[in-house]
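Student: I've got a model open and would like to learn how to read it. Can you walk me through it?

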Amino acid sequence: MAREIWKKILDIARKKISPAQFDTWLKPLNFIRIENDVVLVSTPNPLAREFVENEFKDLFEDIIKELQMKGLSISFVEGSPQDPSEELFLQQQKVEKPVPAVSVESSAISLNPNYTFDNFVPAHTNEFAYAACLAVSQDSPAKQYNPLYIHGGVGLGKTHLLQSVAHEFFKRSKKIRTIYLSAERFMNEMISSIGNKRQPEFREKYRKIDVLILDDVQFFKDKTATQEELFHTFNALHEDQKQIVISSDCNPSELQGIADRLKTRFAWGLIAEIQPPDLETKIAILHKKAEARGVSIPDGVASYIASRVASNIRELEGCLTKLIAFSNFKGRPINNELAHEALQNQFEATNRFLTVEAIQKLVAASYKLKVNDIKAKSNKAEIVLPRQIAMFLCKEVMGISLPEIGRKFGGKHHSTVLHSVRKIEERMSEDKAFQQHIQGFIRSLR
Ligand code: ADP
Ligand code: MG
């Protein structure tokens, strides 16, 4: 009965919009249930949810009126990875891409087919990590760096690189038993093995492989039992000269709630950091991602997006996805105007509560100055640096124009602002501690 109500709504919707619109946006929706007069429907991804909510809200309201079902409303939820549909997707993938016979099932099916070296854009911010991963995957396992430990902030490509290594091993030889998994999954498997009294099998599985690729080990924080298990797994593999690749959001020594003996082991081999991408890298990645989707985006559009998304590459991709969907939906080519229309709200939304004043206040306070000092015409060294930092942050985090920044800093010329931004960028590229100092500001502003 409930499902029929949804079917009826869809039938009417189909007649009111174009077939292309219907197929793209409404057909993929999945009815879940009706609860307290709310029709719950799931969308395949967050983008679809946003789009359907915005573009078809009125349509659905009209239909509900038409059906005289006042009081009924529709609510969209994103399908989560735990959805049965997602499982199915993974299974289908498995059928399409045969998994090497000896590899452990859970591993190959959890790989994203797009996370390969070919799809990765090397740049000076990630080239060390990239080269290390490539070297590990091209040599016989454990010849070069063991363990290989990759660290960096959220959305900077750690998972992409780790999975590229896994793909490479799968491709190279069926005989190399490779497992890629997240730390969380490792823990869940361990726990369920205890519940099912299959701990010996669990141990056997992870100690008898050639390559263990473990993503996001910071997740093991305070999970002592899992750390203990990993410790023994690590030792068994390392002793047998099996390759271990690990990722985390920080240096081994900075890991919190992780046993010292694990931290030291993580640091036994090679440690490589991925740094936040600079503007050029962001632009290059956008072009590459667009190309992979068979679209080309003008340079102006790429730099518009790149300058507004601070460093998270996942966010960068999200913008691209939205832009392409918007272009398809409106049937218009991708250009500056369209990009602005599609993304402006998003950029504003991320920074809605952020103001130039808030940035000035934050920086001034951290240097024990007053906001007015920062805006003053002084050229004292102790004021110049904080001012340059604040200007840089306005550009980087808020994405506002140079002349506007100049105005907000006591009427400075835009070339002065540009000079300041460049100074900070230069120093960040040379001085690691300074870079972290700035990133601290950026984090607290988001
Ligand atoms: P992390 O695991 O560090 O949080 P991910 O590996 O999930 O980050 O990367 C986030 C997104 O950014 C992914 O879609 C990934 O493909 C993309 N990405 C990151 N770095 C690059 C790069 N250098 N070239 C191409 N894509 C990248
Ligand atoms: Mg990751």
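**Reading the ligand site**

Tutor: Let's begin at the ligand: a polar side-chain atom of Lys158 sits 2.8 Å from an oxygen atom of ligand 1. Keep in mind that this is a predicted model.

Student: Which distance does His160 show to an oxygen atom of ligand 1?

Tutor: For His160, a polar side-chain atom lies 2.6 Å from an oxygen atom of ligand 1. With N and O atoms, we call a pair a polar contact when it falls within 3.5 Å. As for cover, the protein hides 96% of the 560 Å² of accessible area that ligand 1 has on its own.

Student: Which residues come nearest to ligand 1?

Tutor: There are 18 residues around the ligand, and the nearest are Gly155, Thr159, His160, Arg314 and Glu317. By class, the shell splits into seven nonpolar, seven polar and four charged residues.

Student: And which helices supply at least two residues of that shell?

Tutor: Look at α7 (158–172), α12 (279–292) and α14 (313–330); each of them supplies at least two.

Student: How do I place the site among the domains?

Tutor: Start with the assignment: domain 1 (2–78), domain 2 (86–274), domain 3 (279–351) and domain 4 (356–445). The shell around ligand 1 takes at least three residues from domain 2 and at least three from domain 3.

Student: How many residues of domain 2 and domain 3 are in contact?

Tutor: Nine residues of domain 2 touch nine residues of domain 3. Between them the two domains bury about 740 Å², with 57% of that on carbon and sulfur atoms. On the domain 2 side, Val121, Gly155 and Leu156 lose the most area to domain 3, together 51% of what that side buries. Gly155 turns up again here, having been listed among the residues nearest to ligand 1.

Student: What about backbone geometry?

Tutor: The general idea is that most residues other than glycine have a negative phi, and most peptide bonds are trans. Now for the cases in this model.

Student: Which residues does a cis peptide bond join?

Tutor: The cis bond joins Asn146 and Pro147, with omega at about -5 degrees. You'll find Pro147 in the loop between α6 (127–138) and β4 (148–152).

Student: Where does Lys197 lie, and what is its phi?

Tutor: Lys197 is in the loop between α8 (183–195) and α9 (199–207). Its phi is positive, about 55 degrees, although Lys197 is not a glycine.

Definitions and conventions. Residues are numbered from 1 along each chain as its sequence is written. Chains are lettered from A and ligands numbered from 1 in the order in which they are written. This is a predicted model: local features need pLDDT of at least 70, side-chain atom pairs count only at pLDDT 80 or more; totals for chains, interfaces and linings use all residues. Side-chain values use heavy atoms; hydrogens and water are left out. A residue is near a molecule or strand if one of its heavy atoms lies within 4 Å of it. A polar contact is a pair of N or O atoms within 3.5 Å; within protein, one must be able to donate a hydrogen and the other to accept it, and residues adjacent in sequence count only if both atoms are side-chain atoms. Accessible areas come from the Shrake-Rupley method with a 1.4 Å probe; for residues, only the protein chains shown count as cover. Helices (H or I, at least four residues) and strands (E, at least two) are DSSP runs, numbered from the N terminus. Ala, Val, Leu, Ile, Met, Phe, Trp, Tyr, Cys and Pro count as nonpolar, Asp, Glu, Lys and Arg as charged, and the others, Gly among them, as polar. Domain bounds come from an automatic or database domain assignment. Contact means heavy atoms within 4.5 Å. Buried area is the accessible area (1.4 Å probe) that two parts lose on being put together, summed over both.
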